[in-house]
Amino acid sequence: MSESVGPLLQKPQSIRALRAAIAAGNTRATDLAEGYYARIERFNPQINAYLALTREQAMEQAAKVDAQASQGDPLPSLAGIPIGVKDVLTMRGAPATAGSRILEGYLPPYDSTAVQRLRAAGAVLLGKLNCDEFAMGSSNENSAYGPVRNPVDLERVPGGSSGGSAAAVAADLAVATLGTDTGGSIRQPASFCGVVGVLPTYGRVSRYGLIAFASSLDRVGPFAASVQDAAEVLAVLAGHDLLDATSAMRPVEDYAAATVQEVKGLRIGIPEEYFGEGLDPEVRAAVEAGIDALRAQGCEMRRIRLKHTQYAIPVYYLVATAEASANLARFDGVRFGHRSKSATNLASMYRLSREEGFGAEVKRRILLGTYALSAGYYDAYYRKAQQVRRILAEEFQAAFAEVDAIVAPTAPTAAFRLGEKSDDPLAMYLADIYTVTASLAGICGLSVPCGATSTGLPVGLQVLGPHFGESAIFRVAAGVERAMNGA
Amino acid sequence: MSAEVTIAEVERVAELANLELAADEATRMQRDLNAILGYVDQLRQVETSHVEPMAQVSDLFADAEVAGHGESLRADALRPSLDRADVMASAPDTDGAFFKTPKVIER
């Protein structure tokens with residue numbers, strides 16, 4: 001491989017710069033795509049971010065962009081931009097495993113809406129990205145196809161469940177990627193890998209073609225190397241879709257424009273509950289430096305309370321597993337995916353196909369969810385969790401009557417080592433302690449890089465906004481980013 | 001509610017979920033479920049007698065707002081759907097028109 005492939009850790013060029021270069025004929029989309037495949041070939045064996053490459057369709061799309069550019073045609077907003085897709089989203093012509101053996105070999109016959117929108121915007125889709133099985137995990141160690149390694153430190157996890165999506169951007173194996181977030185699966189890996197990851201408001205991006213984990217929580221969102229790039233990709237993904245009944249009809253705002261607005265005068269809430277016991281001192285120091293930077297740019301900082309935050313993890317692990325137990329009932333060996341060869345009748349086919357196809361964490365969550373929904377326990381667990389879910393959501397709504405955005409750490413620690421938490425499910429669940437509440441409430445949020453620990457591990461600062469408050473969180477995140485870049 | 005989950009209960013729930021567990025797996029799941037359920041038990045501290053359950057994000061919005069937040073059904077009109085051959089291509093066993101499974105009723 002040539003020298004020009006560069007080092008493992010490298011920042012992609014901005015979407016804006018690439019778009020201009022392609023439109024001006026200075027860069028060919030086909031060359032750009034070839035360059036990305038060369039990097040993937042060189043570096044993917046070390047980090048295991050890609051599970052499948054879709055070179056043929058990518059090169060076809062890139063050639064189409066080059067033809068448009070050479071004719072001087074106006075180019076769509078992501079024309080020629082190399083993008084990777086988390087393997088829980090369907091993409092025609094590519095396998096969709098969801099990180100599970102049970103879907104090994106499955107070729108979905110349709111595009112998810114998010115993928116279809118990227119294609120329509122001219123994006124060059126490079127391939128499918130590794131993740132925790134059915135997006136269940138916080139370290140990417142639950143993938144049936146091996147863990148993803150953090151490009152910042154190969155002995156550490158990239159976070160999860162969208163670990164491949166975060167690692168691919170950090171290692172410049174894609175300019176941007178799609179991830180999904182049910183309890184923190186975009187924000188936490190973004191924090192661990194030092195990239196931007198966005199959780200759009202529930203209903204802002206269609207879930208059609210997303211292999212369901214917990215339908216009332218699942219969201220699709222972008223990873224990118226900068227706040228502006230993330231804003232540009234979200235603008236393409238967002239909008240109403242007839243194929244998702246929970247998709248919102250509200251107009252999509254100009255998110256990129258929000259990233260260049262100054263933050264002066266914004267009211268920012270600092271929730272006490274996100275800075276308590278369990279927060280790593282180095283993460284705290286980095287996040288507090290981010291807060292100081294926002295104050296210096298003229299934000300008004302307000303101490304706020306979100307008193308029920310401690311209950312978010314218990315609520316999440318009841319609601320999410322209950323929904324998962326229902327959603328994952330469809331994997332039965334009948335219509336797609338793995339069918340056991342040892343089955344002798346229909347009942348044993350269901351049970352053996354699921355036994356052979358699902359990993360331990362997926363089974364654990366199905367069992368927990370089934371238990372919480374079963375007769376005699378429904379009121380004590382599932383109904384109780386739904387009631388506390390409302391309290392958590394209303395607490396955020398009340399807070400957003402007083403502040404424009406909330407700032408907190410994304411995760412209590414920087415990236416941990418592979419194997420460090422994999423034997424203790426409860427310890428792993430606590431990695432999501434600062435992210436699950438926003439998931440339950442349906443509000444928007446993102447993680448933006450905010451310095452590093454003394455050993456150079458990235459720290460993410462989380463910005464939370466009200467329902468459909470994406471412009472506000474992009475504006476705040478861009479303020480943090482400018483400060484980090486010394487601007 | 002913090003009564004320990006027994007092995008028999010783990011096996012019953014596995015049966016409800018159509019999961020087959022090896023003997024060592026059932027023991028491990030029993031241990032993990034008890035740890036997790038012990039942790040979620042703290043929800044009992046929250047007073048919820050007058051709180052409506054929240055199943056969907058749209059439950060937070062007043063009726064007039066809901067249309068703009070989704071939760072509205074599309075018109076009941078015919079639309080193109082997936083091609084049967086494309087769908088059947090992923091089936092473990094099919095005759096082209098139907099999914100085939102092992103026998104359901106033994107006689």
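Me: Why is α10(A) called oblique to α2(B)?

Reply: This is a predicted model, where local features need pLDDT of at least 70, side-chain atom pairs count only at pLDDT 80 or more, and totals for chains, interfaces and linings use all residues. Residues are numbered from 1 along each chain as its sequence is written, while chains are lettered from A and ligands numbered from 1 in the order in which they are written. Now the helices (DSSP runs of H or I, at least four residues, numbered from the N terminus, with strands being runs of E, at least two): the axes of α10(A) and α2(B), residues 23–40, come within 9 Å and cross at roughly 125°. Axes are lines fitted to C-alpha atoms, for helices over the stretch in contact, and angles run from 0 to 180 degrees between N-to-C directions. Under 35 degrees is roughly parallel, over 145 roughly antiparallel, 65 to 115 roughly perpendicular, and the rest oblique. The crossing of roughly 125° therefore makes α10(A) oblique to α2(B).

Me: What makes the contact of α10(A) with α2(B), and which classes does it hold?

Reply: A:Pro314, A:Tyr317 and A:Leu318 come from α10(A), and B:Ile36, B:Tyr39 and B:Val40 from α2(B). Contact is C-beta atoms, placed from the backbone, within 7 Å. Ala, Val, Leu, Ile, Met, Phe, Trp, Tyr, Cys and Pro count as nonpolar, Asp, Glu, Lys and Arg as charged, and the others, Gly among them, as polar. By that list this contact has six nonpolar, no polar and no charged residues.

Me: How many residues touch across the two chains, and which helix of chain A gives the most?

Reply: 59 residues of chain A are in contact with 50 of chain B. On the chain A side, α13(A) gives the most, with 12 residues. That side divides into 32 nonpolar, 15 polar and 12 charged.

Me: What makes β1 and β8 of chain A edge strands?

Reply: Two strands pair if DSSP finds at least two bridges between them. The 11 strands form an open, mixed sheet in the order β1-β3-β2-β4-β6-β5-β10-β11-β9-β7-β8 (chain A). β1 (50–53) and β8 (300–304) each pair on one side only, and that's what the edge label says.

Me: How do you know that β1(A) and β3(A) count as paired?

Reply: They share three bridges, in the antiparallel sense, and the rule asks for at least two. In that pair, A:Leu53 stands opposite A:Gly127 of β3(A).
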